[in-house]
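Please look at the sequence and the structure below before reading on. The paragraphs after them go from one residue to its surroundings, and then to the chain.

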Amino acid sequence: MRAAYAGLGGKKMKSAGHCLIASITPFHSVIRFGRFSSNLFYGSSSKQRTLCAYHQNSKLHSASLMAAERHPPPWFSVAPMMDWTDNHYRTLARLISKKAWLYTEMIAAETIVYQTGNLDRFLAYGPEQHPIVLQIGGNKLENLAKATQLATPYGYDEINLNCGCPSPKVAGHGCFGVRLMLDPKFVAEAMSVIAANTNVPVSVKCRIGVDDHDSYNELCDFIYEVSSHSPTRHFIIHSRKALLNGISPADNRKIPPLKYEYYYALLRDFPDLQFTINGGITSIEEVNAARIEGAHGVMLGRAAYGHPWQILGLVDSAIYGAPLRSITRRQVLEQYQVYGDSVLRIYGPKPTVREVVKPLLGLFHAEPRNVVWKRAVDAAFRHCTTIKSLFEETLGEIPDEVLDAPITEVPSGSTDTFIKAKSLLPPPYTVNEEELLYA
Ligand SMILES: Cc1cc2nc3c(=O)[nH]c(=O)nc-3n(C[C@H](O)[C@H](O)[C@H](O)COP(=O)(O)O)c2cc1C
């Protein structure tokens with residue numbers, strides 16, 4: 001027997017209002033990892049665990065509540081991207097947008113656990129980067145718990161679990177990333193132990209399916225299981241499935257078709273949860289269009305990295321309604337240079353000039369002489385030992401009117417992509433009644 005989820009779930013779960021507030025667990029400041037390291041949960045049976053999860057959901061931790069209030073809502077975020085959303089990119093992003101939420105690259109729980117003498121290298125970031133979310137990956141409860149505990153002093157604003165990475169190293173040999181979507185019970189346990197070791201909200205980033213497990217109902221089963229057996233109230237939905245047939249991660253970001261209709265159906269069927277839409281969104285107009293159709297939050301990856309000025313430059317005004325910033329790229333580069341030269345080679349030979357300059361390579365996207373400038377930068381990598389000298393040598397290639405141009409407003413725009421998606425919604429989710437009884 002199956003029953004519609006929304007009404008029943010509504011009774012069980014407290015209305016979120018703001019996902020980041022509702023996903024907070026209350027006991028973290030008193031129950032520390034060490035007290036339950038032999039059994040990472042408060043209760044020993046799965047039923048007790050479930051009750052614990054509900055109990056945790058029903059209370060709010062005041063410190064976390066304050067943290068959630070301190071930051072703008074996560075209406076716009078920059079996706080976690082390995083080798084891309086490092087400290088350098090995030091520093092640049094924050095110089096351009098004060099309000100976008102920033103995600104770290106995925107850091108494997110094992111990396112954190114086995115590098116305890118070296119944690120700053122993986123976890124430290126500048127205070128201006130708030131609001132910032134740490135994404136971790138892994139499939140061992142002890143390591144996820146310990147990694148969360150070790151990350152806690154760094155003050156991230158949310159902890160996210162990667163359930164979307166299809167790379168053979170991660171989802172293949174590693175057996176985590178998107179492979180976790182095939183084991184929602186484990187994900188619920190993982191989210192419970194992560195939440196039990198932090199006082200900030202927790203979230204999951206996932207795909208809409210894996211291989212043949214790609215029906216809307218299977219996606220809902222995953223969301224239902226994780227949200228009803230852990231404190232997770234926020235899901236980021238990369239709206240295409242993953243193929244574990246050996247195609248490259250890059251192909252896995254373009255070959256499986258986008259199905260935004262699944263995302264919008266989740267909003268209908270899980271009204272107490274918060275969902276961020278992700279995948280294939282490339283402009284501020286589309287971000288606004290997705291939000292007009294009801295998206296709680298919109299996450300951009302490649303576009304925010306490849307065209308940081310055109311995307312991030314408009315986030316604060318076009319999405320958050322703040323006055324248009326009067327900053328120019330010359331000013332951004334002046335500030336970035338101070339940062340860049342202060343971090344060069346702090347870990348032996350690293351970071352190199354090339355690594356620190358890499359996030360800047362999209363800054364003049366579509367501008368005159370961008371290609372010439374990038375060629376000059378490439379040549380300068382061979383001998384420049386500071387960011388200052390590299391800028392001095394190359395920025396003359398960019399016309400002053402580009403360097404000194406302020407951010408310009410774009411029309412709020414309309415696109416019918418999301419209207420179309422809403423006309424294609426799959427039938428409402430129905431929950432297996434035994435599952436509800438168990439819950
Ligand atoms: C270079 C690169 C690295 C990525 N690394 C991660 C990662 O560490 N964790 C993750 O959840 N997703 C990762 N992704 C996926 C993005 O977060 C995002 O879901 C995907 O790119 C789709 O969004 P987009 O179309 O806006 O780029 C990565 C994507 C790229 C391009």
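Start at valine 78, which touches Thr85, Ala93, Ala100, Leu102, Tyr103, Leu300 and Ala304, leaving out residues up to four places away in sequence. Two residues are in contact if their C-beta atoms, placed from the backbone, lie within 7 Å. Valine 78 sits in strand S2. Helices (H or I, at least four residues) and strands (E, at least two) are DSSP runs, numbered from the N terminus. Is valine 78 buried or exposed? Valine 78 counts as buried, because it has 27 C-beta neighbours inside 10 Å. A residue is buried if 20 or more other C-beta atoms lie within 10 Å of its own, exposed if 12 or fewer, and partly exposed in between, with C-beta atoms placed from the backbone. From valine 78 to tyrosine 305 there are 227 residues in sequence, but their C-alpha atoms are 8.3 Å apart in space.

Two points on reading the model come next. This is a predicted model, in which local features need pLDDT of at least 70 and side-chain atom pairs count only at pLDDT 80 or more, while totals for chains, interfaces and linings use all residues. Residues are numbered from 1 along each chain as its sequence is written. The score pLDDT is the predictor's confidence in each residue, from 0 to 100. The chain averages a pLDDT of 85, and 82% of the residues score at least 70. Over residues 1-65, pLDDT stays under 50, and the model has 116 contacts beyond four places in sequence for this stretch. Where pLDDT is low, the predicted coordinates should not be read in detail.

Now take the chain as a whole. The chain has 22 helices and 10 strands. Of its 439 residues, 47% count as buried. Among contacts in the chain with a separation of 6 or more, 77% are between residues 24 or more positions apart.

In soluble globular proteins, nonpolar side chains tend to be buried together. Here the largest nonpolar core has 111 residues, and Ile136, Met191, Ile194, Ile223, Ile237, Val298 and Leu300 have the most contacts inside it. Helix H10 (residues 184-196) gives the largest share of this core, 8 residues. Domain 1 (2-321 + 419-438) and domain 2 (329-403) both give residues to the core, so it lies between them. A nonpolar core is a set of buried Ala, Val, Leu, Ile, Met, Phe, Trp, Tyr and Cys residues joined through C-beta atoms within 7 Å, and the domain bounds come from an automatic or database domain assignment. Isoleucine 194 is in contact with Leu144, Thr148, Ile159, Leu161 and Val202, leaving aside its neighbours within four places in sequence.

Valine 204 belongs to strand S6 (residues 202-206). Valine 204 counts as buried because it has 28 C-beta neighbours inside 10 Å. Leaving aside neighbours within four places in sequence, its contacts include Leu161, Met191 and Phe235. The C-alpha atoms of valine 204 and isoleucine 223 are separated by 9.5 Å.

The model also holds a ligand. Which residues are closest to the ligand? They are Ala79, Met81, Met106, Gly301 and Arg302, out of 22 residues that surround the ligand; a residue is near a molecule if its C-beta atom, placed from the backbone, lies within 6 Å of it. Strand S3 (101-108) and helix H14 (302-306) each supply at least two residues of this shell. By class, the shell has 10 nonpolar, 8 polar and 4 charged residues. Ala, Val, Leu, Ile, Met, Phe, Trp, Tyr, Cys and Pro count as nonpolar, Asp, Glu, Lys and Arg as charged, and the others, Gly among them, as polar.

Last come some backbone details. Most residues other than glycine have a negative phi, and most peptide bonds are trans. A cis peptide bond joins histidine 130 and proline 131, with omega about -5°. Proline 131 is in the loop between helix H7 (119-123) and strand S4 (132-137). The bond from lysine 350 to proline 351 is also cis, with omega near -5°. Aspartate 83, which is not a glycine, has a positive phi of about 70°. Aspartate 83 is exposed, because 9 other C-beta atoms lie within 10 Å.
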